[in-house]
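Subject: Structure handover

Hello,

Here is the structure you are taking over. My notes on what was found in it follow below.

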Amino acid sequence: MGIFAVGVWSIRQAWAAAPRRVAITVVLALLVAAVPSLQVVLMAQFVGALTGADSFGDVAAPFAGMVALIAFTGPVEAIVGTLQWRLVDLIGLHAKQEVAATLATLPPTVLADPEASAQIEAGNKAAEDEISFLYPHILSLLQQTLSVIGVFVTLAAMSLPAALLVLVSLAPMVLASQRIARIDSKMWDDVGKLYWRSRYLHQHLVTTTPSIELTSLGASGQISAKVADTIQRITDRKAQTYLPILAWRLLAGVSTSLLLGAALAALIVGVHYGPAAAGGVYGVMAAMGAVGGLGANLGYVVEGSAPFERYQILLGLRRETREPVVADTADSLVVTGLTHTYEGKEEPALRGLDLRIDRGSIVAFVGVNGAGKTTAINAIVGTLDAQEGTVAIDGRSRADMSFQEWVGHFGTLTQEFGRYELTVRESLLLGTPRTDVTDAELWAALEAANAAGMVRGFEKGLDQQLGSQWDGGVGLSGGQWQRISLARIHLRSAPIWILDEPTSAIDAEAEQEIFRELQRSKAGRITIVVSHRAWTLRGMDEILVVDAGRVLERGRYDELLARGGRFAEIFAEQAA
Ligand SMILES: Nc1ncnc2c1ncn2[C@@H]1O[C@H](COP(=O)(O)OP(=O)(O)OP(=O)(O)O)[C@@H](O)[C@H]1O
């Protein structure tokens, strides 16, 4: 029952946000709801009084009552309307906060799914633009339902068939609204993905890094043309719904008018063409207003149940999360038979990877582009669900732990590390749930990542805003961003480090320092590094040469070079 769920949700959200305001608006709305039936009664009295009246005094009372009612309704509706806008804002605020909280729980495996992306976009749009606006319609719906009931009871006393016809006249609107909601829902199934694409493309025009690249390539226009094309497709798809929606609205409107016309006729006949018919006719007119308003608001709410459903689907993606934790220790990491084929690919990206690493060891994955190194890393960390094989930390597999506990064992620096434009301090603290981190610890992490000198040079040191698009912010080079990311991993101090080309953007001198530091501090943890540079591999306890998803060779640097196999092929030139 879509509209019931939307109604309960809206009223609960409004009540939770501002109960006094809700109480005032409901009381005022109930008063307004009584107006049409009071009008019918007063009109009947007025016409009755007119029949035998000689002076204004004979009709003054019902006349004054009618004027007072008219004078009352307008201002009260204005007050209700104004009070409701604040409630709409508060409901919207809550809906958007819920969306953000849900998104924060989603693992990358969900975010990588196109269906889920479309659902997220559609639900987000509903939270931003649609569902909060339903509350005033729901209140009006309640108010007009009561009005219609009031008019029904008043009219029934004059003519039961007329009163019943007024009630039946609601049916076409209800039916049409359901049809319209279905049309809207189907349209959203199609445009959800398009919205997501247009937002993705739009981001490239407004986010510093891609926009600089695109401008220098003279390609911003190409992206903006794609944005325009995507929006055009969304608009075209929406346009396909206008005609059927109009047809349903017209059909409902005409049917309602015919039924109300029949109600009028039934009433006039029912009261034998006497003066009381005037009150009744006024009643049907009042009912027309109430039925029309009710139909329109019912339409909004029924149609609103579709975005509400999209919002609920998004919230339904929410994962159970516990407070983030970072594990203290890990003695062994054992990978057995890890195998994965990406959807749409024929060849596996990873074939039967076996690996054991104990605390204190540092292991490297090497191989040409596309060999499967990143896939292996993602499958180990759990950001990719490998189809076969197991990964165990100290004998416990992923199934034995929550996702949060599992990832709490890892400090992962990915190839596409994030450039979080926060202060240095905030950016480093992203890696740890601790709230008692000292400045000394922050500096030690920066020191280990060869970034302390840079931060010392900032005017505000640890509190320096990063990113030149912000007031007082500083722009960083690619290598400087990478050092900040590496410092985050040092601060996180998880027991298993996975570093996917951690120095790819860093100059040779700083790279040497960083790798020396990694070797020096390796004793307390398990470390896996992906590297393309020969010299960094010399000190590794084991090197795995990955090729087409399988481990072709494994051993220490000198052994592999001496063997003259794939490793030697890849690194002979660098090693020379
Ligand atoms: N999300 C994905 N969907 C489909 N195929 C993918 C995906 N990610 C990677 N692949 C494919 O899987 C194979 C292994 O890719 P992977 O990223 O693991 O290689 P890599 O060894 O890390 O390469 P590089 O040195 O370039 O980082 C490649 O053939 C790649 O095209």
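I start with the ligand. An oxygen atom of the ligand has a polar side-chain atom of Gln415 at 2.7 Å. The protein covers 64% of the accessible area of the ligand, which on its own has 630 Å²; such areas come from the Shrake-Rupley method with a 1.4 Å probe, and for residues only the protein chains shown count as cover.

Before the rest, some ground rules. This is a predicted model, in which local features need pLDDT of at least 70, side-chain atom pairs count only at pLDDT 80 or more, and totals for chains, interfaces and linings use all residues. Residues are numbered from 1 along each chain as its sequence is written, and side-chain values use heavy atoms, with hydrogens and water left out.

For Tyr342, an N or O atom in the side chain is 3.5 Å from a nitrogen atom of the ligand. Around the ligand there are 13 residues, of which Gly370, Lys373, Thr374, Thr375 and Gln415 come nearest; a residue counts as near if one of its heavy atoms lies within 4 Å. This shell has four nonpolar, seven polar and two charged residues. Here Ala, Val, Leu, Ile, Met, Phe, Trp, Tyr, Cys and Pro count as nonpolar, Asp, Glu, Lys and Arg as charged, and the others, Gly among them, as polar.

Next, Arg356. Arg356 sits in strand S2, residues 350-358 (strands are DSSP runs of E, at least two residues, numbered from the N terminus). Its side chain joins that of Asp358 in a polar contact of 2.9 Å, meaning a pair of N or O atoms within 3.5 Å, where within protein one must be able to donate a hydrogen and the other to accept it, and residues adjacent in sequence count only if both atoms are side-chain atoms. Between Arg356 and Thr375 there are 17 Å, C-alpha to C-alpha, and the two are 19 residues apart in sequence.

Last, the domains. The protein chain is divided into domain 1 (2-316), domain 2 (321-409 + 498-576) and domain 3 (414-493), with bounds from an automatic or database domain assignment. Over C-alpha atoms, the centres of domain 1 and domain 2 are 57 Å apart.

Regards

Methods. Helix = DSSP H or I, 4+ residues; strand = E, 2+ residues; numbered from the N terminus.
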